[in-house]
Amino acid sequence: MKRMNKIITTTNFDLYYGSFQALKSINIEIPEKEITALIGPSGCGKSTFLKTLNRMNDLVPGVKISGEIKFHGEDIFAKEMNVNLLRKRIGMVFQKPNPFPMSIYDNIAYGPRLHGSPKKTELDEIVERSLRGAALWDEVKDRLKKSALGLSGGQQQRLCIARALSVEPEVLLMDEPTSALDPGSTIRIENLMAELRRNYTVVIVTHNMQQAVRISDKTAFFLIGEMVEFGETEQIFARPVDRRTEDYITGRFG
Ligand SMILES: Nc1ncnc2c1ncn2[C@@H]1O[C@H](COP(=O)(O)OP(=O)(O)OP(=O)(O)O)[C@@H](O)[C@H]1O
């Protein structure tokens, strides 16, 4: 029996960049240990919404918000919220693989070192576990001390996923993680995501509707800052309720 806990809930959430309203009254409940896909045409606010979930938008000047976002029932914007800890619990993987210019080992050890002072044996374990979790261990176990920049694009992206896993997050936010990759690497990451959902909650922005269908449990359709429709992926693509969702998924615009 699948649990249906909601790990993140947003209530009437608005976000402005200066006077421009990029998110309009977003209400969504993200289920735990499922994959939620965010789809919609360019500029509709998907990335903005994703980045808000671990307060990456704090770094953008001129951002104003109203409404509420709760993680495990706690207001992520509350004064007492420790943002570093929030970002440890809600990790992020970006569109372009962005390994640090250091060894494969040090890329993975970076976060755990930042959050504590683990012993060498502990770090070795974390590095192996994270690389295995990202389905990269077998390919790199003999070259851990070599530069991460020598890996292929697809391997670099799995390294970034391993780096995100190294601090044992609960949620992984992924902003078009395969859009810069070739089809073979894309399939590997998609297969990996099917594994990740056993232990993690994943929220992924994708432009690729087939990808949303293949990998996600739930889909949210965004349009010009609004969340038009949210539901089971199968329902959204087979029987959308809103005409605008139907127009988008059938390729009438976007
Ligand atoms: N830092 C910023 N300052 C001002 N406006 C911004 C900023 N970031 C995004 N926007 C605007 O907010 C709107 C939503 O952008 P966002 O990147 O969230 O959309 P998106 O749906 O992820 O688009 P894409 O699919 O093209 O990445 C757009 O109109 C964009 O121009």
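**Sheet and helix packing**

Student: What lies across strand 6 and strand 7?
Tutor: This is a predicted model. Helix 6, residues 153-165, lies across those two strands, strand 6 and strand 7, and runs at about 170° to strand 6.

Student: What order do the strands of the open sheet have?
Tutor: The order is 6-7-8-3-9-10, six strands with mixed pairing. Strand 6 (90-93) and strand 10 (226-232) are the edge strands, each pairing on one side only. From one strand to the next, the twist averages 15°.

Student: How many bridges join strand 6 to strand 7?
Tutor: Four, and the two strands run parallel; strand 7 covers residues 171-175.

Student: And which residue in strand 7 stands opposite Val93?
Tutor: Met174.

Student: Switching to helix 7. Which strands does it lie across?
Tutor: Helix 7 (residues 183-196) lies across strand 3 (35-39), strand 7 and strand 8 (201-205), at about 160° to strand 7.

Student: Which residues of helix 7 are buried?
Tutor: Ser185, Thr186, Ile189, Glu190, Leu192, Met193 and Leu196. They sit on the same side of helix 7, because they cover an arc of only 160° around the axis.

Student: What covers them?
Tutor: The cover of the buried residues of helix 7 includes strand 3, strand 7 and strand 8, along with helix 4 (120-133), helix 6 and helix 8 (209-215).

Student: How far does helix 7 reach from its first C-alpha to its last?
Tutor: Its 14 residues reach 20 Å, close to the 20 Å expected at 1.5 Å a residue.

Student: What does a side-chain oxygen of Asp182 reach at the start of helix 7?
Tutor: The backbone nitrogen of Gly184, to within 3.0 Å.

Definitions and conventions
Residues numbered from 1 in each chain as written. Predicted model: local features only at pLDDT ≥ 70, side-chain atom pairs only at ≥ 80, totals over all residues. Heavy atoms only, no water. Pairing = 2+ DSSP bridges. Axes fitted to C-alpha atoms, helices over the stretch in contact; angles between N-to-C directions. Contact = heavy atoms within 4.5 Å. Expected span 1.5 Å × (residues − 1). Buried < 20%, exposed > 50% of the residue type's maximum accessible area, 1.4 Å probe, protein only. Arc of directions from axis to C-beta. Polar contact = N/O pair within 3.5 Å; in protein donor to acceptor, adjacent residues only side chain to side chain.
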